[in-house]
Amino acid sequence: MVSAGFEVGVVPFNPDGWGPMEATSTSAASSNLPLNVPFAPFSRSDKIGRIADWTRNFNNQSRPKNQPSDSAFDFSNDDSFPGYADDDASFRLVDGKPPPRPKFGPKWRYQQQRQLPQRRDEEVEARKREAEKERARRDRHYNNNRSNVNQFRREAAVFKSSVDIQPEWNMLEQIPFSTFSKLSFTVPEPEDLLLCGGLEFYDRSFDRTAPKNERRLERFKNRNFFKVTTTDDPIIRRLANEDKATVFATDTILSSLMCAPRSVYSWDIVIQRVGNKLFFDKRDGSQLDLLSVHETSQEPLPEAKDDINSAYSLSVEAAYINQNFSQQVLVRDGNKVTFDEPNPFANEGEEVASVAYRYRRWKLDENMHLIARCEVQSVVEVNKQRSFLTLNALNEFDHKYSGDWRQKLESQRGAVLATELKNNANKLAKWTAQALLASADLMKLGYVSRVHPRDHFNHVILAVVGYKPKEFATQINLNTSNMWGIVKSIVDLCMKLKEGKYVLVKDPSKPQVRIYEVPSDAFENDYVEEPLPEDEQVQPLAENADVEAATDAAVDVEDKPIEAEA
C-alpha cells in the first residue's frame, strides 16, 4: 500500500520585515481579483474584516458627542464597510431582562463573601431603594382604596396635652416608661375600713343576650352618677384627720398610674403634699372622667373634634354607654344591699345609681399606708354567698375599625376580644386594675353597638360576658407586682418633694411622664391659665412609638383563650 504524501507549499521569507513579500502583493495585483475589496460575508452573523487599524487618525472631530470615542477597533466610519455601520446601530438584544437572581444557599453565601466590599455596598443601597419604592407604591395603593383619601396615617397623628403647660411651671422630673417595666413591689392583702352606698342585684338574663336577640340600651337620666376627686371626698377627709394613712387616692387615679405604660393619650394627675400626707387628685373636667376609645389602635381616627368618630366624641359616648349599661343589667325591683353608711355624695331623697364605695387600706412600708376609694356596681348571690361585680361596656362605632360584631360574636368571640385588646389595651387594663383594687369577684364586659354607624345616640346590647379579674389580668399580661411597683416608685418620689402642689402629666407624643411644680392656686376657679404657643404644646407622634409600646403590652388571646365566667 502506497501512502499519499503531503506536500507543504513554499512559504516565502521576508528578510526586510514582517508580512508578505513585495512579490506576493504584486502577484495578487496581477490576478483577476479586484483591488482593496474585502471578503464579503455570506450572513450577518459572520463578519470578517480588519481587527485593528493602527494607521488611522483617532481624533475624529466630526464625530457626534453622544457616540463613543473613535478607536483603532471602530470601523463604523470606514469606507471599506459602507453598510455595516447601519447594521450595528440596528442591532438589539432579544432578551433585555437581567439575569435571574440565584436562590440563597451555601454557594450563594460563598459567592457573596468573595465580592468586593464596594460591590456589596452598592447592591445593599440598590435593594434599599427598591424597598422604598415598593413601600411607597403600597402606601399609595392603600390610601387610594380608603373611603376618605384625606385621612392621615396614625403615625402622623397629632395629640394635644391634657393640660396647658404654663411658663411659670418648673419641671422637676421626667420619667420614661421604660423604667416602669422593671419595677416590682408586693403588697399584703388590704383591709376594708368602710363600705358606703347600696347595690342592686345583677340580672342574669343578660348573660343569654346574643346578636340575634339584642336588647336596646336604655337611658337613665334620673339617676345621678358621681365622679368626686380625692380631696372632695368627705370620708377621705375624715380618715386623713384620723391619721389612718399617709397617701390617699381613688381607684380611677391609681389604675391610671398602674397602667401608664399602656397609655397613648395625654392625661394628668394633681399631687398635693400637705404635711406628711400625699393626696392624688384629678382636675374638674379631667380626661380621667372619660373613657378612651381606640387609644392603642394603628388605625387613625378623624381629627375634627365635632366629628362623631373623633377621639373626644367617642370618649364622651363611651362614658355615656358605660353609665347606662351599668344600670340596665340590674334587677330593678327595689331590692338593694345596703352597707355601713349611705352614699356620701348624694342628697337626701335623691335617686342615685347602684354603686358601693369600698375604702381600703394597703401597707406600703412600716410608716406608710395608702387608702383608696374603690367602686363596685352590682352584687350577685350564688349558694347564699354574695359576690361583688364591676360592670363595663365596650362599644362598637364602625365595623370597619373593629370588625362586624353582629356576625363575629356568635362564633368568633375570642377574635373580637383579641381585636379589642389590641385597640383598647389601656382601657381594658384599667378596668381590670380597678376590679383587682376593689377585690371584685367578677367583672362583666358588655358589647354595645350603635343601631346605625352614623347614629351615636341609639345603641343595642349584643352580648355580656363575665371574667374573673385575676385570671383576666394574667391573660392580658397585667402584672400585679409591676402595677404596685409603679405606684410605690411615684409615691416615694413625691414624698421627697417639699410641701406644695404638683402635676404629673403624660407626654402627648412620647412614652414618658413629667412632674411639674405648680402654684398653690393652680386649677382653681379664679386661676387664669395662659397657654403656651401652639407649636410648643402640640407635637407630632414620632413613628407610632406609643402605639407600638402599648400594643406590645396586650397579648394575643387567640393563642391564650380567655375563659368566660357565667
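This report walks through the fold, charged pairs, aromatic rings and a few individual residues of a predicted protein model.

## About the model

Because the model is predicted, local features need pLDDT of at least 70 and side-chain atom pairs count only at pLDDT 80 or more, while totals for chains, interfaces and linings use all residues. Residues are numbered from 1 along each chain as its sequence is written, and side-chain values use heavy atoms, leaving out hydrogens and water.

## Overall picture

The protein has 15 helices and 17 strands. Here helices (H or I, at least four residues) and strands (E, at least two) are DSSP runs, numbered from the N terminus. Of the 566 residues, 44% are buried. Buried means under 20% relative accessible area, exposed means over 50%, and partly exposed is in between, using a 1.4 Å probe and protein chains only.

The accessible surface comes to about 33,000 Å², and carbon and sulfur atoms account for 50% of that. Such areas come from the Shrake-Rupley method with a 1.4 Å probe, and for residues only the protein chains shown count as cover. Now for contacts, meaning heavy atoms within 4.5 Å. Among contacts between residues at least 6 apart in sequence, 74% join residues at least 24 apart.

## An enclosed helix

The buried residues are Asp251, Ile253, Leu254, Ser255, Ser256, Leu257 and Met258.

## Salt bridges

Side chains of opposite charge can pair when their charged atoms come close. A salt bridge is counted when a side-chain nitrogen of Lys or Arg is within 4 Å of a carboxyl oxygen of Asp or Glu. The whole structure holds 20 salt bridges. One of them joins Glu191 to Arg361, with the closest N and O atoms 2.6 Å apart. This pair links distant parts of the chain, since Glu191 is in strand β3 (residues 191-200) and Arg361 is in strand β9 (residues 355-365), 170 residues apart. Glu191 is partly exposed, at 37% relative accessible area, whereas Arg361 counts as buried at 18%.

Arg223 and Glu200 also meet in a salt bridge, 3.0 Å from N to O. Arg223 is in the loop between β4 and α5 and Glu200 is in strand β3, 23 residues apart. Both Arg223 and Glu200 are buried. Another salt bridge pairs Lys282 with Asp289, with the closest N and O atoms 3.0 Å apart. Lys282 is buried at 12% relative accessible area, and Asp289 is partly exposed at 23%. Salt bridges that share partners also join Asp192, Arg358 and Arg360 into one network.

## A buried glutamate without a partner

Glu420 lies in helix α10 (residues 413-423). Glu420 is buried yet has no salt bridge, and the nearest side chain of opposite charge, Lys427, is 5.7 Å away. For that comparison, Lys and Arg count as positive and Asp and Glu as negative, while His and the chain ends are not counted. Leaving aside neighbours within four places in sequence, Glu420 is in contact with Leu394, Ser402, Trp405, Ala425 and Leu428.

## Aromatic rings

Rings of Phe, Tyr and Trp (its six-membered ring) pair if their centres lie within 6.5 Å; planes under 30 degrees apart count as stacked, over 60 as edge-to-face and the rest as tilted. By this rule there are 10 aromatic pairs. In one of them, the rings of Trp169 and Tyr516 have centres 6.2 Å apart and planes at 55°, so the pair is tilted. Trp169 is in the loop between β1 (158-159) and β2 (170-176), and Tyr516 is in strand β16 (residues 512-518), 347 residues apart.

The charged end of Arg215 sits over the ring of Phe206, 4.1 Å from its centre. Lys488 likewise has its charged end over the ring of Phe185, 5.4 Å from the centre.

## Two residues in the β4-α5 loop

Phe226 lies in the loop between β4 (215-216) and α5 (234-241). Its C-alpha atom is separated by 8.7 Å from that of Val352, 126 residues apart along the chain. Beyond neighbours within four places in sequence, the contacts of Phe226 include Asn343, Phe345 and Tyr357.

Arg219 is found in the loop between β4 and α5 and counts as partly exposed at 41% relative accessibility. Not counting residues up to four places away in sequence, Arg219 touches Tyr320, Asn324, Phe457 and Asn458.

Conventions:
A charge sits over a ring if NZ of Lys or CZ of Arg is within 6 Å of the ring centre and within 35 degrees of the ring normal.
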